[in-house]
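Reader: Please show me the model. I would like to go through its backbone and its packing.

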Amino acid sequence: MQNIKCVIFDMDGVMFDTERLASQIWLQILDKYHLEPKKEFLDGIKGRNIADSKMIFDSIYGSKIDFLELKELRNKMLERTLRLEGVPIKKGLVECLAFLKNKKKIIAIASSSSKQMILDNLNDTNLISYFDLIVSGEDFKQSKPNPEIFSNVATHFNLKPNECLVIEDSKAGVEAALNANMQIIWIPDLVRFQVDKNVIELNNLLEVIDVFRS
């Protein structure tokens, strides 16, 4: 990791334990609309932007029910819960960010969540000062696994892809990092899957510190 100049974090499922909560809310919404909870929907939308999520929803449930309406309801329910109960921080996040900042690494977020959700979560956890750049799925037409969101970070800082390390949990996110030719740490959250042999698998963010020290 000696050549790494920039570390790019996904947010949901990596920094904050929000994927679990979002899935629980989706189950409530599907039940409200008398829709069967399908694994290919609940797992398939992880790491995807709203356009791709809509295509996945429509392919499974049809287009008679407006996915955008359901997504807006999910966002409001998730936002309300996070603001009332607090944002659940993943193990080792604060220590990892402090270590990277001390090592003078560039730190960025590249998340499919909305920019406002990212900012609200960072402000509520007092972590926003650690980040040099925040990009969201709203900034790009293509969703992960398209590498655009990660490549944009490298371009912004005039870095080569192999000078960037991505920390991801979702299949779409890992594939996007591979497609961007960046180094990858995978910390599984709710869904496990087969990964490329070059992907480093860890249990939590504390272990990221060990990787940099080794």
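**Backbone and core**

Author: His34 is exposed, at a relative accessible area of 75% (exposed is over 50%, buried under 20%, partly exposed in between; 1.4 Å probe, protein chains only). This is a predicted model: local features need pLDDT of at least 70, side-chain atom pairs pLDDT 80 or more, while totals for chains, interfaces and linings use all residues. Residues are numbered from 1 along each chain as its sequence is written, and side-chain values use heavy atoms, without hydrogens and water.

Reader: Which value does phi of His34 take?

Author: Most residues other than glycine have a negative phi. His34 sits in the loop between α1 (19-32) and α2 (39-42); helices are DSSP runs of H or I, at least four residues, and strands of E, at least two, numbered from the N terminus. Its phi is positive, near 60°.

Reader: Where is Asn181, a residue with positive phi?

Author: Asn181 has a phi of about 60° and is not a glycine. Asn181 counts as exposed, at 56% relative accessibility. Its place is the loop between α8 (171-179) and β5 (183-186).

Reader: What is omega for the peptide bond from Lys144 to Pro145?

Author: Most peptide bonds are trans. Pro145 lies in the loop between β3 and α7 (148-156). The bond from Lys144 to Pro145 is cis, with omega near 20°.

Reader: Which residues touch the most other members of the largest nonpolar core?

Author: A nonpolar core is a set of buried Ala, Val, Leu, Ile, Met, Phe, Trp, Tyr and Cys residues joined through side-chain atoms within 4.5 Å. The largest has 49 residues. Those touching the most other members are Phe9, Met15, Phe41 and Phe131.
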